[in-house]
Protein chains: 2
Amino acid sequence: MKQELKRRLISLVEQDLIDIETALHGNLTPNLPLVKEIAGHLLFSGGKRIRPLLMILSARLCGYRGNDTIGFSTIFEYLHAATLLHDDVVDEADLRRGKPAAHTQWSRPKVVLTGDFLLARSLSLAAKTGLPDIIAVMANITEEMSQGEIEQMEQKGNARLTEAQYMTVIQRKTAVLLQGACKSGGILARAGNKKEAALDAFGYHLGVAFQMADDLLDYTAKAETLGKNPGADIREGKLTLPLIKALENAPERDRTWMLNVIADPDFDEKDFNTLQKQLHQYKGIEYTEQKAAHHIDLAKQSLGVFTPCQAMDTMMLIADYAIARNV
Amino acid sequence: MKQELKRRLISLVEQDLIDIETALHGNLTPNLPLVKEIAGHLLFSGGKRIRPLLMILSARLCGYRGNDTIGFSTIFEYLHAATLLHDDVVDEADLRRGKPAAHTQWSRPKVVLTGDFLLARSLSLAAKTGLPDIIAVMANITEEMSQGEIEQMEQKGNARLTEAQYMTVIQRKTAVLLQGACKSGGILARAGNKKEAALDAFGYHLGVAFQMADDLLDYTAKAETLGKNPGADIREGKLTLPLIKALENAPERDRTWMLNVIADPDFDEKDFNTLQKQLHQYKGIEYTEQKAAHHIDLAKQSLGVFTPCQAMDTMMLIADYAIARNV
């Protein structure tokens, strides 16, 4: 089922993915070879290119037929890579997409500055659209994401994080970029407020579901498929929905045990297995899966204002894939 | 003389400075109090506001009479502050403008992310100009500055740094922002290519002279007036023009002594005094002063295409002040 979904999706976006890859290489032209090396390390390590794809598909859904969408779509992959570089420095994570994170190979300052460079490159391309609305979207993304990350740092280890606070964090750190990519496709197509808002809503719900699926994978996936060690979130003191919900549902004794794990995240594999079982037992996993599925439904409904077409079919498949994937 | 220059300049820009200050407070509205605190720590610690002033004056010089210049001028102060926050993390400097650098009070990741927030805020304002050319200028500034910083890191401790390499570094890390501020004033005023290029040239030469004056102060100023310890550049392995030139002129014995200081920058005050004397003796100071003065002449000449007016007088005074200041 999952494999079949992935096959269908890939057949629909294959050519776009090739074009995006070419554009990502073509637009990355720093003066310094070192910058290209650091930026390339992350950029060409197997990203899913969801953000540029969404911009391209959104523009097409609005009837845009210009051939500049591929080039402009890299805006959102460079911006994404820039934030990942800064986040990795923030999180001190050692692995990213199964490879050593950039800051383990180069000094942190160089990684931060390469992030700045990618942000600037993204900005240069946005300027070329000639559309200040796209710049405003980008500015909003960067403001929200930087504040979202700081908020997450402030909340580190906070065992009382509520579902509402979790939603704010994932909106800021993930959904806002997908919203921006979708909305910008509409802006490029001069689709008007109503359609742009619909695309924004699609991106929001997709982004929320996407992050929930990510947070689930951190408890359910294997290291080989995940490209990083599972349990990373709780080790970094990040409470995500599966745990928030399980804490809510667990009886006193198990709740206390979980709180101890959060307070002292230097646990062994056996403890992690116990935690995984409790997240299932107390419906943290199930609840999060249901929420993610609900947001996917809402994402699909947002597209109701558009006339069905191949771009819409592809976006629907991406929505299905967002919660069916195992990576 | 210096004091008289400063008095005249301040009387001309006093109201603008007050307005800039109000706008800097008014436009800094993050969701998180912590972000405001970190950003405010640097932003309101006595910056000279040269960059916003230059944008305002450049727009006026081109005959612009809109009352939105003050608001837009904060673009360049936020951008400047963003790069300072990232640079301080990069340089690991402990003091900035006589206060502890932000990263000594908050964690480095928070400082990096606050820098991102300020960059985004700057971008939001740029989007509001509705002028993609201003966005392009900003993107160029960020690309050049991030690469300039990385280049400077790569060159750390390189005793063979040439004057030409030094010029590339200071153009990228300082001049580009002043160029951008001046040019954007022209863009805002729709002044046309010729005048925009003249403003760009003014900003370039002013920026180069400004950085040379900074690099001189690091060897000639006292800690109290400088707001940081003199000799910081060489301690960080940064070779600047006074030293580059002195190395070129010194006889073998003194040259070797200087190279030893560069190689092992853990020197005491006596060594630093000796170094200062050698920079004078081998004309490193004098040569840099002459170069800076020459760039100030070129800056002033660039304004030849404009009709004299009060904005021009003020810009001329700023140019004089750039190399006469002792802070």
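Predicted model: local features only at pLDDT ≥ 70, side-chain atom pairs only at ≥ 80, totals over all residues.
What radius of gyration would a compact globule with 327 residues have, and what does chain A have?

Figure 1. A compact globule with 327 residues would come out near 20 Å, and chain A has a radius of gyration of 20 Å, so the two agree. Stretch the C-alpha trace along its principal axes and you get spans of about 60 × 45 × 35 Å. As for what's inside, chain A holds 16 helices and two strands. Buried residues account for 60% of the 327 in this chain.

**Figure 2. Helix H6 of chain B, running through residues 108–129.** This helix has 22 residues, and from first C-alpha to last it reaches 32 Å. That's close to the 32 Å you'd expect at 1.5 Å a residue. Look just past the helix and you'll find Gly130(B), which takes a positive phi of about 70 degrees.

**Figure 3. Helices H8 and H9 of chain B packed against each other.** A pair of packed helices is described by the angle between the axes and the distance between them. Here H8(B), residues 163–188, meets H9(B), residues 193–220, at an angle of about 140 degrees, and the axes sit 7 Å apart. That angle makes H8(B) oblique to H9(B), because only angles over 145 degrees count as roughly antiparallel. The contact between H8(B) and H9(B) brings together 13 nonpolar, seven polar and five charged residues. As for handedness, H8(B) passes H9(B) in a right-handed crossing.

How values were computed:
Residues numbered from 1 in each chain as written. Chains lettered and ligands numbered in written order. Heavy atoms only, no water. Axes fitted to C-alpha atoms, helices over the stretch in contact; angles between N-to-C directions. Helix = DSSP H or I, 4+ residues; strand = E, 2+ residues; numbered from the N terminus. Parallel < 35°, antiparallel > 145°, perpendicular 65-115°, else oblique. Left-handed = near helix turned anticlockwise from the far one by under 90°. Nonpolar A, V, L, I, M, F, W, Y, C, P; charged D, E, K, R; others polar. Expected span 1.5 Å × (residues − 1). Rg over C-alpha atoms; globule rule 2.2 N^0.38 Å. Buried < 20%, exposed > 50% of the residue type's maximum accessible area, 1.4 Å probe, protein only.
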